[in-house]
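Visitor: Could you take me through one part of this structure up close? I'd like to look at the salt bridges.

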Amino acid sequence: GWAGGYPEIVKENELFERYYRELGIVPAGEWDAFMAALREPLPATLRITGYRSHAREILHCLKEKYFRELQDLEVDGQKVEMPQSLSWYPEELAWHTNLSRKILRKSPQLEKFHQFLVSETECGNISRQEAVSMIPPLLLNVSPHHKILDMCAAPGSKTAQLIEMLHADMNVPFPSGFVIANDVDNKRCYLLVHQAKRLNSPCIMVVNHDASSIPNLQIDVDGRKEILFYDRILCDVPCSGDGTMRKNIDVWKKWTTQNSLQLHGLQLRIATRGVEQLAEGGRMVYSTCSLNPIENEAVIASLLEKSQGALELADVSSDLPGLKRMPGITKWKVMLKDGQWFEEWKDVPSNRQTQIRPTMFPVKDEEKLKAMNLERCLRILPHHQNTGGFFVAVLIKKSPMPWNKRQPKVHQKFPQRTGDAEVTAANSGNGSDCIIEEPTLAENEESKKMQELQNLDTEQSKKEGVCGPPPSKKMKLFGFKEDPFVFLPEDDPLFIPIQKFYALDPSFPKMNLLTRTQEGKKRQLYMVSKELRNVLLNNSEKMKVINTGIKVWSRNSDGEQFGCAFRLAQEGIYTLYPFIHARIINVCIEDVKILLTQENPFLSKFSNETQKKVKDMAMGSIVLKYDPDPEKPHDLQCPIVLCGWQGKTSLRAFVPKNERLHYLRMMGVEVFKAKRKEEDLEDKTEEEVQHRLVQTEERMDVEDKEHDLVPKMEAQIGEESSQSPVKSSAMEIENKIEDLDQFSKNANSHVSQEAKDMDASNVKD
């Protein structure tokens, strides 16, 4: 059979069936159901981001509007089942449906629902994520004060969950915890940045390292340099992926046991490096999307054995009630791709001992095996709850690892700047069956080499508050050269007009402001939490940072005449708002609708209360705040904070298109518009769609020329905008929002070369 010019992949693999039948990971009598489930397409699943204050509003909108419209709908003769919430995911924030991604994209009847999913995903309010992928972050039991490392983070759906958990209390703009998200692939790091930036958190840092040798970081603790140990580590390692057969159908023809044999050593090294960096009492979740015990129980058993009691498997059988899981297995065999089986290491011939390693076999000592409690691992089988296949193990660290016990802590007093001492990673390249007994010697040698490289660049990198890219020459061979992270000095004159213009609270942490340029005009100001500032300042030479911080202010070249050269950025407004005491205008819901559907509406269109507040306020950047009225339960019941600009005769909102659409949907305004034929996405490839997602950044990042453009725009829209936007049709609203985007593009052509340069570097920023 051929479909679309390509031969259909036959979902059969004799070696796969032979291997897993023999291992017995599927309960007796369930094999046919297991294989049938693997041949069915994976249901689409989505997760509502839990830390946003309007998560409940999105859930209400989904249930009462979009899901109801799917009732009794048929697509290609297939009845669309009503989406169901995942019974084990808290607060009904995760849902699945039998609609495949292909049907969602192609079917005209589902176009409205698909547009909603795409738009809300780009805003960061919804994540389309496989159900089993949601499990590891939930089992980490994250609290807002935890220091978290995500070792193999790209593409970033689990990272997003971790960020949400840090921001469980939205009244705290700067949780004391943070997430360091790492990936070895430089290009995938930028996809990770895109995912993380949707959540607008000052507590996330994306770094680019090999997870198996990720360096030890240092932090300043009361004037001493100490090694940073993490409270929580997510170790979602690269794997053969045979649990993903339902969505990655190439696995059917490519599957062989060789994949697992080749990955086992890397998986063990990454997991070993993870537990080395875990704090005592901390928790690490090891996970794969593979069903193979060579990648799962064998890695955990080897780690437990060489930890000599420092690690234990946590019993999570009572966590996530409603999730059907199988216990870990304690007996398995190793098979080569030619079908040859081995039950013990001693049976492996010498010519095969490079492919098969001793750590791949189960522990023979029954007492040791029983003490490991391997049955506490979780294996998710596809046919139990219509999901993909998955494996999870939760490890708790009770004491330092045996090979780290002699590793000294660094206690060096240093002034409030980047120190001179370096603590490099403990050598974890110990293969799959050997342990480095004297890590301090390896550290000393590595430190000497690193010091020689660092001395070349010491003068520049040690300036107060400057965190440059790592000087290692090897790093520069791969990926982009990153701009430095430069923290604003405490006495920087740049900040004084900003503080005065917005009447910032004295508690505002101005030391956490940074830019990405060391020389010339500062175009953007970003903000990180004080804990990430500590990490950045003390590790700039050893860590390749791809991105951190959220944008809070953007330079406006003509802003000086209004009292401040920097306007507020929507990306960071929820973090900044608690500290701003001036230039805040409280607006009613009708005003919000006007702001989101018209560009530069005249002041006369707003409520009398808004007009009075604006009358005595100077031109420039403003905050527009909507507070829900509990006496009007049918109105939007979550607060909204928007960035805006007050002109001479008008008021506008600086909000990206998808965020505008989001707020309008939450207010019950219909924003759907059917695609025009020439815009049909049928001919677009998956890569083009992904490229469009990655390029969706806030379009208002360029310098504002509002005072020149307002009269022109007012003349253009004067007659049209005299109609009430609340009564506009969905087509008109969508057209107006597209006009807003076009207006922003036109504005771009009027700005200086500086703004063009900034726009070109948007992806990196």
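Guide: Here is a walk through the salt bridges, pair by pair. Keep in mind that this is a predicted model, where local features need pLDDT of at least 70, side-chain atom pairs count only at pLDDT 80 or more, and totals for chains, interfaces and linings use all residues. Residues are numbered from 1 along each chain as its sequence is written, and side-chain values use heavy atoms, with hydrogens and water left out.

A salt bridge here means a side-chain nitrogen of Lys or Arg within 4 Å of a carboxyl oxygen of Asp or Glu, and that rule gives 26 of them. Take aspartate 236 and lysine 158, whose side chains meet with 3.1 Å from N to O. Aspartate 236 sits in strand 14 (residues 230–236) and lysine 158 in helix 7 (residues 157–166), so this pair ties together parts 78 residues apart in sequence. Helices (H or I, at least four residues) and strands (E, at least two) are DSSP runs, numbered from the N terminus.

Are these two buried or exposed? Buried means under 20% relative accessible area, exposed over 50%, and partly exposed in between (1.4 Å probe, protein chains only). Aspartate 236 comes out at 16%, which is buried, and lysine 158 is buried too, at 12%.

Next, aspartate 183 bridges to arginine 188, with their closest N and O atoms 3.9 Å apart. Aspartate 183 is buried at 7%, while arginine 188 is partly exposed at 35%.

Finally, glutamate 297 and arginine 379 meet at 2.8 Å, N to O. That pair links distant parts of the chain, helix 11 (residues 297–307) and strand 20 (residues 378–380), with the partners 82 residues apart. Glutamate 297 is buried at 0%, and arginine 379 is buried at 1%.
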